[in-house]
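I opened this notebook to keep a record of what I looked up in the structure and in what order.

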Amino acid sequence: MTALSKSLKPRHLEMISIGGIIGAGLFVGSSASIAAVGPAIVVSYLITGTLVLLVMRMLGEMSLSMPGVSSFTEFAREGLGSWAGFIAGWLYWYFWIIVVPAEAIAGANILHVWIPQLPTGLLGCILMGLMTGVNLMSARSYGEFEFWFASIKVAAIIVFIALAGAFVLGLSAPHGASLRNLVAHGGFMPRGSISVLAGAVTVFFSLTGAEIVTIAAAESAEPSRAIARLTSSIIVRILTFYVGSVFFIVAVVPWNSIRIGQSPFTLALENMHFWWAGIAMDAIILTAVLSCLNSAFYVCSRVLFVLAGHGDAPQGLIKLNARRVPVRSVLLCSGAGVIGILAAVKAPQSVFAFLVDASGALMVFVYGLIALAHLRVRRRRERAGEPAPALTMWLFPWSSYLAIAAMLAILIAMQFTPGLGADLHVSLISLGVVVCAYLVLRAWRRARSPVGVPCVETVPLESADGEADG
């Protein structure tokens, strides 16, 4: 049994696509971006949101032109070759396997305030066990949990935008309508225009996750149609949930009163005299953390499953249980997550810091491979004279070139942005390790291949021999 289930419904995919871009990075991480840029952080979100929109549009076009491919990283394989599928898959897996312990510790820190008797390491492992159980049950279980987690996050943001909008318009503010905070404390760009571009670099990592829906769609009835429909509507969510909420934050409170690591949403609500702000936001942030942890587990296990199907990971990982869940992949990710928690607790400033830094630029590398693959796939289809799919990239090829140039600009900006240069260097080491691993695997395959027989780079999932695991 090597075929994943088709149990995810459209409502699951809808909320998975929304939940993928709404996490602790918005509720807490946005504090660092606002403090570094000022009110102009809204422009940084618009720039980065446009780049994510272009990448998602590419995925939408490729999903319709290649309906047999439904996993995010496998578009790189189809467009550029086996080497790109290997590199994109393993880099993407590493990025999310670091998210697992990071989110578990973030959730544990919140719970530790409520339950100080239990250490954060133990609380993190408890959260890890809960999410492991959810992902072992079925894809439908993951979808249901993510549906409700994402629904809570969306409802919270909508309520915040409504309350802050009423305050800014003077409907609930004693001093009447005002947008003074946007320009009152050093102007709209107090750090200068360069800071807006540097802010786009940090914001980029908060917006990653929208592509999760392309992996989850593989377990729905019509993967390619689901991907195309959801990727074309992602911009509305980015504008509403990120740009809208951040705009109202800097409109309600002075940007220079926001402290890094503290939720700016809480500060804004307290400034509007809502006494329940702190408790409510802690609960919402915990929900966001659990949502990200749940999704990270799911993504890691499915990426390993796809890699194993192509012979890029141990073949035992493609075996499914009776509920069509890749149990071994889930358990492997759980074990890696526990190791990450131990590293975060025992050596937060050395081992775990290195692991996090090593994932810093990985999503830029992966998105870059997707953009290059899209160029190759589009050119190949045009040369073959095949009809265009219902959804295509705008202003091709210039928009694709713009996306690639923007990703290169992000890498260059990382090099010259304090605190991000080291992340780029360590991420390049991660890239080098994966490239070397691919070269070793290719050499091993060629050595085992009989003389005169071409080396087979992939193992189709349909032909792999695997029995159900209990």
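How are H6 and H14 oriented to each other, roughly parallel or roughly antiparallel? I kept in mind that this is a predicted model, and then looked up the two axes. Helix H6, residues 82-114, and helix H14, residues 277-309, have axes that come within 8 Å and cross at roughly 155°. Angles over 145 degrees count as roughly antiparallel, and H6 and H14 are therefore roughly antiparallel to each other. I also noted the hand of the crossing of H6 and H14, which is left-handed. Sorting the residues of the contact between H6 and H14 by type, I found 26 nonpolar, three polar and two charged.

Salt bridges came next. Searching the whole structure, I found ten salt bridges, and I followed up three of these pairs.

The first entry concerns Glu61 and Arg381, which form a salt bridge with their closest N and O atoms 3.1 Å apart. Glu61 belongs to helix H4 (residues 41-65) and Arg381 to helix H17 (residues 362-384), so this pair ties together parts that lie 320 residues apart in sequence. When I checked the accessibility of the two partners, both Glu61 and Arg381 turned out to be buried.

The next entry is the pair Asp312 and Arg77, whose side chains meet in a salt bridge at 2.7 Å, N to O. I placed Asp312 in the loop between H14 and helix H15 (327-346) and Arg77 in helix H5 (residues 74-80), so the pair ties together parts that are 235 residues apart in sequence. Asp312 counts as buried because its relative accessibility is 6%, and Arg77 likewise counts as buried at 6% relative accessibility.

I then turned to Glu382 and Arg378, which form a salt bridge with the closest N and O atoms 3.0 Å apart. Glu382 and Arg378 are four residues apart in helix H17, and are therefore separated by about one helical turn. Glu382 counts as partly exposed at 39% relative accessibility, whereas Arg378 is buried, with a relative accessible area of 12%.

How many disulfides does a search of the whole structure find? The search returned zero disulfides. Taking Cys125 as a case, I found that the closest cysteine sulfur, in Cys333, is 16 Å from the sulfur of Cys125, which is too far for a bond. Cys125 counts as partly exposed at 29% relative accessibility, and Cys436 is also partly exposed, with a relative accessible area of 46%.

The last entries are on the backbone. Most residues other than glycine have a negative phi, and most peptide bonds are trans, so I looked for exceptions to both. Phe396 and Pro397 are joined by a cis peptide bond with an omega of about 5°, and I located Pro397 in the loop between H17 and helix H18 (398-416). His273, although not a glycine, has a positive phi of about 70°; this residue sits in the loop between helix H13 (264-271) and H14, and His273 is exposed, with a relative accessible area of 64%. Arg324 is not a glycine either, yet has a positive phi of about 60°. I found Arg324 in the loop between H14 and H15, where Arg324 is partly exposed, with a relative accessible area of 35%.

Technical notes:
Residues are numbered from 1 along each chain as its sequence is written. This is a predicted model: local features need pLDDT of at least 70, side-chain atom pairs count only at pLDDT 80 or more; totals for chains, interfaces and linings use all residues. Side-chain values use heavy atoms; hydrogens and water are left out. Axes are lines fitted to C-alpha atoms, for helices over the stretch in contact, and angles run from 0 to 180 degrees between N-to-C directions. Helices (H or I, at least four residues) and strands (E, at least two) are DSSP runs, numbered from the N terminus. Angles under 35 degrees count as roughly parallel, over 145 as roughly antiparallel, 65 to 115 as roughly perpendicular and the rest as oblique. A crossing is left-handed if the near helix is turned anticlockwise from the far one by less than a right angle, and right-handed if clockwise. Ala, Val, Leu, Ile, Met, Phe, Trp, Tyr, Cys and Pro count as nonpolar, Asp, Glu, Lys and Arg as charged, and the others, Gly among them, as polar. A salt bridge is a side-chain nitrogen of Lys or Arg within 4 Å of a carboxyl oxygen of Asp or Glu. Buried means under 20% relative accessible area, exposed over 50%, partly exposed in between (1.4 Å probe, protein chains only). A disulfide is a pair of cysteine sulfur atoms within 2.5 Å.
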